[in-house]
Amino acid sequence: QVQLQESGPGLVKPSQTLSLTCTVSGGSITTNYYYWSWIRQPPGKGLEWMGAIAYSGSTYYSPSLKSRTSISRDTSKNQFTLQLSSVTPEDTAVYYCARTHQGYSDYAQYDYWGQGTQVTVSS
């Protein structure tokens, strides 16, 4: 079975860079034709797709976050990472990594999710 697990600091100071890692087990992040996404949910709000990295290594970003977001991967560790720069308190959210084989914005298309990790932006 495929499992995803988020990890990283739970507290980040404003203006700093938020960095999270998703570790995948039970399947390779290079397997055709899966896409690996970062999704977040601020308190009291809905899910927001942030971006994804494909099996090929190609990346895709939400237009609203593209200028601050970078997704990369380490295939030797079967991990992919999220970096969100210049964070503010509005970036406080539960952050998820998840897998889909078709599309990015329809959450029903995601077959595996991590448990989520809380990240708070505060000084």
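I call a residue buried when its relative accessible area is under 20%, exposed when over 50%, and partly exposed in between (1.4 Å probe, protein chains only). Strands here are DSSP runs of E with at least two residues, numbered from the N terminus.

Before looking further, I noted that this is a predicted model, where local features need pLDDT of at least 70, side-chain atom pairs count only at pLDDT 80 or more, and totals for chains, interfaces and linings use all residues. Residues are numbered from 1 along each chain as its sequence is written, and side-chain values use heavy atoms, with hydrogens and water left out.

**Whole chain.** I found 11 strands and zero helices (H or I runs of at least four residues). I looked up how much is hidden: 39% of the 123 residues count as buried. I also checked contacts (heavy atoms within 4.5 Å). Among those with a separation of 6 or more, 55% join residues 24 or more positions apart.

**Strand β11.** I picked β11, residues 117–121. Which of its side chains are buried? Thr117, Val119 and Val121 are, and they point to one face.

Two strands pair if DSSP finds at least two bridges between them. I saw that β2 (residues 11–12) pairs with β11 in the parallel sense over two bridges, and Leu11 stands opposite Thr120. With β9 (residues 93–100), β11 pairs in the antiparallel sense over three bridges; there, Tyr95 stands opposite Thr117.
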